[in-house]
Amino acid sequence: MIQFADQKQEFTKRPSKIGRRSLSRSISQSSTDSYSSAASYTDSSDDETSPRDKQQKNSKGNGDFCIKNIKQADFGRREIEIAEQEMPALMALRKRAQGEKPLAGAKVVGCTHITAQTAVLMETLSALGAQCRWAACNIYSTQNEVAAALAEGGFSVFAWKGESEDDFWWCIDRCVNVEGWQPNMILDDGGDLTHWIYKKYPNMFKKIKGIVEESVTGVHRLYQLSKAGKLCVPAMNVNDSVTKQKFDNLYCCRESILDGLKRTTDVMFGGKQVVVCGYGEVGKGCCAALKAMGSIVYVTEIDPICALQACMDGFRLVKLNEVIRQVDIVITCTGNKNVVVREYLDRMKNGCIVCNMGHSNTEIDVASLRTPELTWERVRSQVDHVIWPDGKRIVLLAEGRLLNLSCSTVPTFVLSITATTQALALIELYNAPEGRYKQDVYLLPKKMDEYVASLHLPTFDAHLTELSDEQAKYLGLNKNGPFKPNYYR
């Protein structure tokens, strides 16, 4: 009864905030508007003051953070506790390694999506001995109440939902450039943090032991640095770990694509014509979900192997210009730039929904739409109507940024797999003896991939079959793995 009374008291404080949300707002404010998605309790309309102009402290008097509202910490703590229930491997990692403190002395600077799932990762790293400072890798994906809970817990977090571009880089700089604190590990999602340190503080790399990167975009940047001979520390490519790519990219997107589209547009998928640009793991997940809902799905691809997979899975392989006039939804998931350019946007039908499931905001040429002849109307959180002079309009989601993390949430269990992989990669690079890893990009050893998978099996009450000595000898394997060669994908 006491708990119910507390909840009632808190929820009665909130309706006045929600009531102030306007239905349509000018695009001139859109880059700094921080409307809350359904994933977040917080709503910026109650306070338009920039967090950079506030002086906030947590209950212990610490003010080394910059977030929207420290008073939301209790909401965030509840979200984190819910996420912990769906992240069994990280919780197991805490129990197994907490006594050893394998990250004792590690000073991790991170730039990822700041969500309840990331909070579980950060608190796990802390339990393993690391100090952490964190910024957001996306201006729309931060859950403000989770950032508040982290700040209340003593973490130096610099992020809020609806940052401007200037805020974005300012937050990263505040994470890195602090007197008396030198990072020795980088955990990045998209490569922006790594890029900033290279650009502004290259001398920091003398003390940095390694980089862990989890996105297609960020990994591409790392390989470019390596090829140019400019990568001065070892880097771990977590994105191409089997447990990341085959689970997070595929199964996460299979569920979250529908969630993001439903929350923002209330669209019905049955019978809709959809074109998915890219048939990698993200594209495969999106296509599978949309097909299951009764959509007519087209695929564009540059890779003949992925293209053949799309054909064998029953999708029509097309060029974008062949279907652009007739499709109802356009989804990009290539990791490339200028996939949907102004020419295609001009030719789209009235009401076409345009969104991006790739990490970076370069896939849709949104900049080409910011011209005087086009009118922008903010409809709801992360939903804009872009209106042509003849009255035609398209529905642009999250201004071309990552749909699922900007407009909805992603399945916690799948993120447990990715977060555990990140934690193990940090432990591996931090504790590696000198000379094991050179200044290059590495994949996580297959044995660790299998370990991450095994930590998640008890959730399903799943029981692995064990090889007999005779079977192991026949296959030429160790009974305890690894069971596949490193090149196997």
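Visitor: How many helices and strands are there in the chain?
Guide: In this predicted model, the chain is built from both kinds of element, and the count comes to 18 helices and 16 strands.

Visitor: How compact is the chain for its length of 489 residues?
Guide: Along its principal axes the C-alpha trace spans about 70 × 60 × 55 Å. The globule rule gives 23 Å for 489 residues, and the radius of gyration of the chain is close to that value, so the chain is as compact as a globular protein of that length, with a radius of gyration of 23 Å.

Visitor: Which residues of helix H4 are buried, and where on the helix do they lie?
Guide: In helix H4, which runs over residues 88-97, the buried residues are Ala89, Leu90, Leu93, Arg94 and Ala97. Seen down the axis of H4, these buried residues fall within an arc of 145°, so they line one face of the helix.

Visitor: Which exposed residues does H4 carry on the face turned away from its buried side?
Guide: The buried side of H4 is covered by elements that include helix H3 (73-85), helix H5 (116-127), helix H16 (412-431) and helix H17 (446-456). On the face turned away from that side, the exposed residues are Lys95 and Arg96.

Visitor: Is Asp189 buried or exposed?
Guide: An unreviewed UniProt entry lists Asp189 under "binding site", along with Thr115, Glu214, Lys244 and Asp248. Asp189 lies in the loop between strand S5 (185-188) and helix H8 (192-200), and, leaving aside residues up to four places away in sequence, it touches Cys111, Thr112, His113, Cys137, Glu213, Glu214, Ser215 and His359. Because its relative accessible area is 5%, below the 20% cut-off, Asp189 is buried.

Visitor: Which backbone oxygen does the side chain of Lys244 reach?
Guide: Lys244 is found in helix H10 (residues 242-265) and is buried, with a relative accessible area of 7%. Beyond residues up to four places away in sequence, Lys244 touches Glu214, Val238, Asn239, Asn249 and Thr418. At 3.3 Å, its side chain reaches the backbone oxygen of Glu214.

Technical notes:
Residues numbered from 1 in each chain as written. Predicted model: local features only at pLDDT ≥ 70, side-chain atom pairs only at ≥ 80, totals over all residues. Heavy atoms only, no water. Buried < 20%, exposed > 50% of the residue type's maximum accessible area, 1.4 Å probe, protein only. Helix = DSSP H or I, 4+ residues; strand = E, 2+ residues; numbered from the N terminus. Arc of directions from axis to C-beta. Contact = heavy atoms within 4.5 Å. UniProt positions renumbered as here; feature names shortened; annotations may be inferred. Polar contact = N/O pair within 3.5 Å; in protein donor to acceptor, adjacent residues only side chain to side chain. Rg over C-alpha atoms; globule rule 2.2 N^0.38 Å.
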